[in-house]
Amino acid sequence: MATSPEKQYMLLDGNSLTTEKLVTLGKGEYLIKLSPESEEKVNKARHVVDAVLEKNEVVYGITTGFGKFANTTIPKEKLIELQENLIRSHAAGVGSPLSPERTKMLLALRINVLAKGNSGISMETLQQYITAFNASCLSWVPEKGTVGASGDLAPLAHLALGMMGEGKMWSPETGWTDAISVLKSKNLNIVKLKPKEGICLINGTQMITSLGAEAVERADLIARQANIIAALTVEVLKGTSKAFDEHIHRARPHNGQMEVAKQIRALLPPVHRSEIIEKYGERVQDAYTLRCIPQVHGISLDTVVWVKGILNTEINSATDNPLVFPDKSEAKIISGGNFHGEYPSKALDYLAIGIHELANISERRIERLVHPALSDLPAFLVKEGGLNSGFMIAHCTAAGLVSENKVLCHPASVDSLTTSAGSEDHVSMGGFAARKALQVVEHVEQVLAIELLGACQALDLHRPLKTTAPLERVFQLVRTVAKPWDVDRYMAPDIDAVTKLLQEGKIWNAVHN
């Protein structure tokens, strides 16, 4: 994808957006515009739609009703009313709105899909969406209400409703208020829908996929940092690095397993000197939560890679209906089912299961850190136990989060309920798959933050001995936001601060920059 950092623009073409780039768009790091090739494709597809209108042909979603009403032909003079009614009736979501950042991701992704030139949107309407994105004028989009087929109808209808000057919108200057006021504050015109444009704007999997993009990018970051945290725990528990030997992992050559072992080897003896290991020596072997880190973390890493592949395809796919194909020998408008969210829904259910295991094994390592019989350290990693409780309840918090994740990891996509009077008789439930994947990832971040705090506290209890040079850098970074636990104090702020370090990738950077 072409970017122009000097102008802070990212070109969207419907073919080359990635989960990583989509997250940066949500953070407001770039403005967007279409590539010239995409503009040409959009215009060609619209010409096909206009030709249908001129010939008074019967085509689903253009001159007919929707869903169960697909066989109802709509008079020409009511075709615009048809599209407007579609948006208003389908804007039926409930719950809290998406954050501005997540709404920007949703809007950017919808623009990217329309840029493929298979939707039949007019360039005028698409440009209004782009202008709204660049002005940070964002519609109120409730997070609940989609079943993930025909795509994310309710959320995308809310996205369009604000652009029509109805409902609520947000901008940095106005906050949440009525849509027309927000549009006027930026000198933006309301969208006047043309035939087919309502269905162009709401068919598709962009809610599932945009939330999924954030989930998988955060999962990628925490999965890589989990290996660093685990290595520090191995060190402070006086574990052996033999279990990470390259020969072991070449004998079972899963990509993720080999990569995790490689990353951990690079942090531990004999690659780096450790005064802890020099004093105490290495065990013959450790418990599974230390010895089997590559085998467990590895599948989480491979899961992230697989899910990214699915989502990067979905991000650049035409997922509305019907689709317009203007470049064939005979231009066609074909009704199909690309809006069905089963691909991203299944992938995000798998992501939740795969990434959760990092928290599952981390909580067990926390148990080893705080248990004096397993760590040879003071109980709950604190001196004057009894007077001080140390990490006792921090471990309970980790256990509670892991237990919640076990429920959240139940797949949403195994469910289906018939909707639209039987015409939509199998759905993906992908919206919930995406939302709970994000919850699972957040819990993983928090559990690993607790493990990192515990490992740093254990290292303090080993002083004056030092660990390896890269792990000492991690320790020093953590101590900039959370001081040693000499006596009991308010712990929640420390967990929040270290969680933020992980979310910003600073633990990874401490080792690799």
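In which loop is Ser150 found? In this predicted model, where local features need pLDDT of at least 70, side-chain atom pairs count only at pLDDT 80 or more, and totals for chains, interfaces and linings use all residues, Ser150 is found in the loop between β6 (142–144) and α6 (153–163). Residues are numbered from 1 along each chain as its sequence is written, and side-chain values use heavy atoms, with hydrogens and water left out. Helices (H or I, at least four residues) and strands (E, at least two) are DSSP runs numbered from the N terminus.

Ser150 is joined to Ala149 by a cis peptide bond with omega of about 10°. A cis bond also links Pro269 to Pro270, with omega near 5°; Pro270 lies in the loop between α11 (255–265) and α12 (275–280). Positive phi values occur at Asn56, near 60°, and at Glu384, about 55°. Most residues other than glycine have a negative phi, and most peptide bonds are trans. Asn56 counts as exposed at 53% relative accessibility, and Glu384 is exposed at 55% (buried means under 20% relative accessible area, exposed over 50%, partly exposed in between, with a 1.4 Å probe and protein chains only).

By contrast, Thr205, in the loop between α8 (197–202) and α9 (206–236), is buried, with a relative accessible area of 0%. Leaving aside neighbours within four places in sequence, the contacts of Thr205 (heavy atoms within 4.5 Å) include Gly151, Asp152, Phe339 and His340.

The axes of α1 (residues 19–26) and α9 come within 9 Å and cross at roughly 105°; axes are lines fitted to C-alpha atoms, for helices over the stretch in contact, and angles run from 0 to 180 degrees between N-to-C directions. Helix α1 is therefore roughly perpendicular to α9 (65 to 115 degrees; under 35 is roughly parallel, over 145 roughly antiparallel and the rest oblique). Thr19, Glu20, Leu22 and Val23 of α1 meet Ser210, Ala213, Glu214, Val216 and Glu217 of α9.

An open sheet of 3 strands has the order β5-β7-β8 with antiparallel pairing, two strands being paired if DSSP finds at least two bridges between them. β5 (138–139) and β8 (175–178) stand at the edges with a single partner strand each, so one side of each lacks a neighbour in the sheet. Strand β7 (residues 168–171) is joined to β8 by 4 bridges, and Met169 stands opposite Thr177 in β8.
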